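Visitor: Please show me how to read one side chain in its setting, and then the chain around it.

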Amino acid sequence: MVEKLHDHHIVHHRRLHEANDDNKWIRRRGGLIVPMVLEVHKDLHDNCPGVPVLDIYMARRVKGIMMRHDISEPLVALDTYCMAVETAMETARYEPERLIGEAAIMAIRMQIPFIKEGMRDGVA
């Protein structure tokens with residue numbers, strides 16, 4: 001019997017990330033949803049912080065970059081998101097924007113071992 005997988009939104013928490021159209025697109029359509037084994041999904045949320053919300057200007061730049069890339073695979077989309085945030089940080093006007101970008105990348109990267117484990121256990 002194959003265990004039912006649960007969708008994990010890599011960019012979580014919903015209310016925070018869906019208050020702005022660009023952040024909402026990143027969360028829902030940016031390829032950042034991965035099916036995971038429930039137990040590993042719970043472990044991820046117990047051990048990883050939520051991803052900080054990008055400000056509206058950085059989110060717009062990140063979305064524009066992500067739209068030009070293949071984001072059909074979650075791990076590729078995850079790397080694309082991090083690359084897009086790094087690129088957007090280069091033109092950030094204020095230090096807090098860069099710090100939020102760095103924190104978002106760090107929070108995303110903390111999820112990788114859990115995502116790989118959850119995918120490996122549940123995906124043939």
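**A residue and its chain**

Guide: The side chains of Gln111 and His8 are joined by a polar contact of 2.7 Å. A polar contact is a pair of N or O atoms within 3.5 Å; within protein, one must be able to donate a hydrogen and the other to accept it, and residues adjacent in sequence count only if both atoms are side-chain atoms. This is a predicted model, where local features need pLDDT of at least 70 and side-chain atom pairs count only at pLDDT 80 or more, while totals for chains, interfaces and linings use all residues. Residues are numbered from 1 along each chain as its sequence is written, and side-chain values use heavy atoms, with hydrogens and water left out.

Visitor: Is Gln111 buried or exposed?

Guide: Buried means under 20% relative accessible area, exposed over 50%, partly exposed in between (1.4 Å probe, protein chains only). Gln111 counts as buried because its relative accessibility is 0%. Of the 124 residues of the chain, 44% are buried.

Visitor: Which residues does Gln111 touch, not counting those up to four places away in sequence?

Guide: Contact means heavy atoms within 4.5 Å. By that rule Gln111 touches His8, Ile10, His12, Leu44, Cys48 and Val51. For the chain, 75% of the contacts with a separation of 6 or more are between residues 24 or more positions apart.

Visitor: Where in the secondary structure is Gln111?

Guide: Helices (H or I, at least four residues) and strands (E, at least two) are DSSP runs, numbered from the N terminus. Gln111 lies in helix α6, residues 95-122. The chain has 6 helices and 2 strands, in the pattern β-α-α-β-α-α-α-α along the sequence.
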